[in-house]
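Subject: Structure for you to look through

Dear colleague,

Please find below the structure that I promised to pass on, followed by some notes on what turned up in it.

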Amino acid sequence: MNRTIPLILAVALFMENMDSTVIATSLPAIATDIHTSPIALKLALTAYLVSLAIFIPISGWMADRFGAKNIFRAAIAVFIAGSVACALSGSLPAFVVSRFLQGIGGAMMTPVGRLVLVRATPKSELVAAMSWLTVPALVGPLVGPPIGGFITTYFTWHWIFLINVPIGLIGIWLATRFLPETESMETPPLDFVGFVLSGLAASGVVFGLSVVSLPYLPPATGFITIAVGLLAGALYLMHARRARNPLLALELFRNQVFRSSVLGGSLFRIGIGAVPFLLPLMFQIGFGLTPFQSGMITFVSAIGAIGMKFVTALIFRVVGFRRVLILGSLVAAASIAIYGLFTPETPYALMLAILLVGGFIRSMFFTGVNALSYAEVSAEDTSKATPITAVFQQLSIALGVALAGGVLEVSTSIHGGPLTLGDFHIAFFIVAAVSAAASLSFMRLAPDAGNAVSGHGRLTTPKTLEQVRSPGE
């Protein structure tokens with residue numbers, strides 16, 4: 001497999017994924033500099049998520065209309081511009097607008113990067129390619145907090161955003177030099193009504209989930225916003241049935257493999273979205289560790305994620321998608337539940353070992369579910385599948401953080417005191433149960449689901465053997 005393409009795309013996606021989490025560690029320092037509070041500054045985090053939710057749905061149409069390679073490079077440029085604007089921001093409104101601009105670039109980088117990879121990679125090599133592309137999604141949120149703490153402590157928070165400039169410029173040069181040329185395609189007119197409705201639906205749900213548990217806003221604000229988002233979503237469903245070329249091609253959900261990969265993957269990501277939020281807080285509040293110390297502990301999961309890419313393709317080829325995803329979702333959910341048993345007396349070596357195994361399993365799971373999404377999607381429909389998978393990913397991650405925060409809020413209100421270690425344990429058990437429910441979706445897959453991508457069973461019948469030996473393969 002040509003690893004150049006997924007590695008170039010992975011560099012850009014790592015920049016985005018790390019940036020979205022590294023800021024959390026630096027919120028107090030940024031708030032002091034721009035004369036606001038860390039709680040109010042969380043609006044900047046929400047603005048980024050809302051921007052993703054609005055613009056991800058049009059990423060596939062943009063890639064077809066102007067060329068996936070062109071849009072990918074433009075997305076990096078927009079992300080760089082937003083990063084520089086963040087570093088120069090001197091007020092809360094300026095910082096929120098800058099993060100929104102960053103989100104526009106991020107909304108195009110992730111789905112369009114995956115689209116470039118899918119179109120440039122034979123299906124038989126897609127699992128191996130996805131294993132390289134999945135790493136930044138797992139590593140970024142884990143290494144972000146320690147890197148952010150280090151930069152903020154020993155330099156200044158502005159460098160958190162300025163380091164994106166050279167990385168992004170290198171990414172643009174590498175994309176120009178090595179990525180295959182992608183011509184623009186004949187595309188129908190943009191479904192503007194669908195764009196507005198899908199943007200309201202996704203951003204309403206994401207914004208509502210993000211702010212519903214924030215203490216400086218009444219809970220009704222979050223619930224009303226969620227209701228507006230759900231209403232817009234219902235209106236979009238009605239619109240998509242009548243529109244000739246809807247923005248989001250929901251007919252893809254008629255395919256069992258695509259439906260299971262998207263819905264099962266979303267359930268699992270609820271737990272994964274909660275872990276980067278819960279673990280650092282538990283280590284700092286429950287264990288009394290510093291942000292840098294807690295970040296160095298969670299970093300071992302990133303090591304597991306990187307190491308797993310070397311054997312992921314072999315595992316899926318030998319065992320098949322259905323079995324690996326069922327077992328993987330259950331084992332990974334169990335590893336999240338085990339976090340709920342950690343105490344300050346737990347040996348650090350044991351915690352590191354459990355985090356390492358969790359990183360292994362989650363890396364394998366995400367590689368498989370991302371590849372399975374395209375297993376039975378035709379080449380001309382990849383641009384339709386990509387924004388759907390990306391939207392569901394963002395919604396599930398936001399839901400995971402909201403669920404974790406809501407559990408902590410309810411737990412503290414029940415015992416009427418500040419956060420305790422037991423509150424975090426309850427949260428881990430609940431999000432683990434939600435992630436485990438993903439296995440039910442994969443149980444409905446056929447035993448041979450995704451075999452064209454994984455290669456599982458390819459040599460078990462004369463027909464597949466003939467296909468393997470055919471010159472056109």
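Helices (H or I, at least four residues) and strands (E, at least two) are DSSP runs, numbered from the N terminus. This is a predicted model, in which local features need pLDDT of at least 70 and side-chain atom pairs count only at pLDDT 80 or more, while totals for chains, interfaces and linings use all residues. Residues are numbered from 1 along each chain as its sequence is written, and side-chain values use heavy atoms, with hydrogens and water left out.

The protein has 21 helices and zero strands. Of its 473 residues, 53% count as buried, where buried means under 20% relative accessible area, exposed over 50%, and partly exposed in between (1.4 Å probe, protein chains only).

T346 sits in the loop between α15 (321-339) and α16 (348-372), and T346 is buried, with a relative accessible area of 13%. Leaving aside its neighbours within four places in sequence, T346 is in contact with L341 and M351, contact meaning heavy atoms within 4.5 Å.

The next notes concern spaces in the protein. On a 1 Å grid over the protein atoms alone, a cavity is a set of points where a 1.4 Å probe fits but cannot get out, and a pocket is an open set with protein on both sides within 12 Å along at least five of seven lines; lining residues have an atom within 4 Å of a point. Grid points are joined across faces, edges and corners, and a volume is the space filled by probe spheres set on the points.

The second largest pocket holds about 580 Å³ of space and is lined by 26 residues, of which A201, G233, V391, F392 and L395 lie nearest its centre. The helix that gives the most to this lining is α11, with seven residues. By class, the lining of this pocket has 21 nonpolar, five polar and no charged residues, where Ala, Val, Leu, Ile, Met, Phe, Trp, Tyr, Cys and Pro count as nonpolar, Asp, Glu, Lys and Arg as charged, and the others, Gly among them, as polar.

The largest cavity, with about 40 Å³ of space, has a lining made up of S261, V262, R269, V369, N370, S373, T389, F392 and Q393. Two or more residues of that lining come from each of α12, α16 and α17.

With best wishes
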